[in-house]
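Please keep the sequence and the model in view while reading.

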Amino acid sequence: MARITITGLHKYYGNHHAVRGIDLDIPEGEFAVLVGPSGCGKSTLLRSIAGLESVNDGAIEIDGELVNDMRPRDRNLAMVFQNYALYPHMNVYENIAFGLRARKTPAGEIDKKVTDAAALLNLDLLLDRLPRQLSGGQRQRVAIGRAIVRDARLFLFDEPLSNLDAQLRDEMRGEIKRLHQEIRKTFLYVTHDQIEAMTMADRIVLMRDGIIEQQGPPLELFEKPTNKFVAGFLGSPSMNFIPSALVTEDGKVSVKFEDGTTLLLPEDRQSKYASQAERQIIFGIRPEHISRADGSDERVGVEKYQSVIDLVLPTGSRTYGTFHIGRTPVVAELQAHDVKGAGTALALLVDMNRAILIDPDTEIVI
Ligand SMILES: Nc1ncnc2c1ncn2[C@@H]1O[C@H](COP(=O)(O)OP(=O)(O)OP(=O)(O)O)[C@@H](O)[C@H]1O
Ligand SMILES: [Mg+2]
């Protein structure tokens with residue numbers, strides 16, 4: 001088990017400042033997921049913890065011990081790389097067993113560990129194959145197997161599922177999460193897939209351009225993003241961002257869109273924004289908080305908007321309908337049969353309790 005503490009970490013590649021001041025404290029046994037767009041520094045941070053990159057400034061501690069200058073193999077961690085390499089002349093069994101043999105583990109123990117890992121990863125029938133006789137996804141699972149048989153104190157994963165097809169990826173997400181529940185070691189997992197981050201993490205660490213934008217439990221980031229980037233990164237389809245203004249009418253604060261419509265803020269949010277009227281804002285609302293008005297349950301804080309749906313995207317279980325507010329396309333999550341086709345006029349309900357208001361200059365949630 002291992003606690004990771006990172007303080008003031010910086011990493012340059014030549015002139016390129018790839019990690020720009022990271023502070024991170026991951027308690028032992030936690031499943032932390034580093035997520036963010038391509039190039040934001042996720043692999044660099046992970047490789048620094050593994051000891052595969054030297055850092056320019058800051059401290060990396062594992063269990064309170066400074067490891068900045070410790071050799072990778074002395075750090076007692078297991079890593080699955082984004083570009084993993086298997087030994088081409090060894091079969092699957094020997095590839096998984098390699099690290100154990102190198103540590104002079106007794107043969108019986110090796111056999112049990114390899115067999116258990118192979119069963120977990122659905123590799124039982126492939127143990128005799130060579131890497132070139134495997135698909136990309138199968139190879140990736142061998143790489144995961146090689147890491148999990150190690151009795152490491154810390155597991156680092158760098159996009160280990162990127163070569164798998166969608167169904168296998170879903171299954172493996174579940175398996176990796178189950179594996180964590182069983183062994184309760186510290187996991188640090190890198191992905192650029194926000195769904196993977198949401199489903200697996202105890203804590204999401206959301207990065208952009210070498211810094212951490214926000215970290216916390218998945219639902220906290222999802223429901224209480226601190227800025228527009230975080231709000232837009234998590235959730236699919238993404239949150240809608242609609243340019244608008246806060247206005248006061250009859251002593252009540254409303255959101256006014258480009259098309260002139262106003263939606264009243266709920267009673268319990270009135271006082272917070274009372275002093276901010278007349279300012280420009282970006283109104284953020286997730287598709288699932290815009291639904292078809294059915295006339296029956298008009299709840300507190302839910303406002304009506306008359307739309308004309310101009311694009312219909314059915315997914316089976318639900319249908320996404322796009323309409324425009326001024327020049328901004330907005331996506332609503334509808335039920336499968338709510339709308340027949342483009343051009344349908346539809347009364348919608350906007351849940352103002354769930355909307356966020358963003359400062360257009362700083363992009364911070366206000
Ligand atoms: N060896 C290197 N030399 C120079 N620049 C590098 C090197 N490795 C990474 N970089 C740069 O550092 C930045 C961070 O790279 P990193 O690989 O950490 O990103 P990432 O978040 O893992 O992205 P991805 O999701 O695409 O894997 C990128 O701009 C990348 O081009
Ligand atoms: Mg990477």
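## Basis and domains

Domain bounds, as used here, come from an automatic or database domain assignment. For this chain, the assignment gives domain 1 (4–233) and domain 2 (240–358). The centres of the two domains, taken over C-alpha atoms, are separated by 40 Å. Two residues are said to be in contact if their C-beta atoms, placed from the backbone, lie within 7 Å. Four residues from domain 1 and five residues from domain 2 take part in the contact between the domains. On the domain 1 side, the residues that touch domain 2 comprise two nonpolar, one polar and one charged. In this classification Ala, Val, Leu, Ile, Met, Phe, Trp, Tyr, Cys and Pro are nonpolar, Asp, Glu, Lys and Arg are charged, and the others, Gly among them, are polar.

The model is predicted: local features need pLDDT of at least 70 and side-chain atom pairs count only at pLDDT 80 or more, while totals for chains, interfaces and linings use all residues. Residues are numbered from 1 along each chain as its sequence is written, and chains are lettered from A and ligands numbered from 1 in the order in which they are written.

## Overall architecture

The chain has nine helices and 21 strands; these are DSSP runs numbered from the N terminus, helices being H or I with at least four residues and strands being E with at least two. Along its principal axes, the C-alpha trace spans about 80 × 45 × 35 Å. Among contacts in the chain with a separation of 6 or more, 64% are between residues 24 or more positions apart.

A residue is buried if 20 or more other C-beta atoms lie within 10 Å of its own, exposed if 12 or fewer, and partly exposed in between, with C-beta atoms placed from the backbone. By this criterion, 36% of the 366 residues are buried. Why does Arg327 count as exposed? Arg327 is exposed because it has 8 other C-beta atoms within 10 Å. Arg327 is found in the loop between strand S18 (318–325) and strand S19 (328–335).

## The nonpolar core

A nonpolar core is a set of buried Ala, Val, Leu, Ile, Met, Phe, Trp, Tyr and Cys residues joined through C-beta atoms within 7 Å. The largest such core holds 91 residues, of which Val33, Leu34, Ile96, Leu156, Leu188 and Leu206 touch the most other members. Both domain 1 (4–233) and domain 2 (240–358) give residues to this core, so it lies between them. Leaving aside residues up to four places away in sequence, Leu34 touches several residues, including Lys42, Leu188 and Met207.

## Strand S9 and its partners

Five of the six residues of strand S9 (residues 203–208) are buried. Strands pair if DSSP finds at least two bridges between them. Strand S3 (residues 31–35) pairs with S9 in the parallel sense over four bridges, and Ala32 stands opposite Arg203 in S9. S9 and strand S10 (residues 211–216) run antiparallel and are joined by five bridges. These two strands, S9 and S10, form a hairpin with two residues between them, and Asp209 in the turn has a positive phi of about 50°.

Which residues come nearest to ligand 1? Of the 13 residues around ligand 1 (C-beta atom, placed from the backbone, within 6 Å of it), Tyr13, Ser38, Lys42, Ser43 and Thr44 come nearest. The shell divides into three nonpolar, nine polar and one charged. Strand S2 (16–26) and helix H1 (42–50) each supply at least two residues of this shell, and H1 gives the largest share, three residues.
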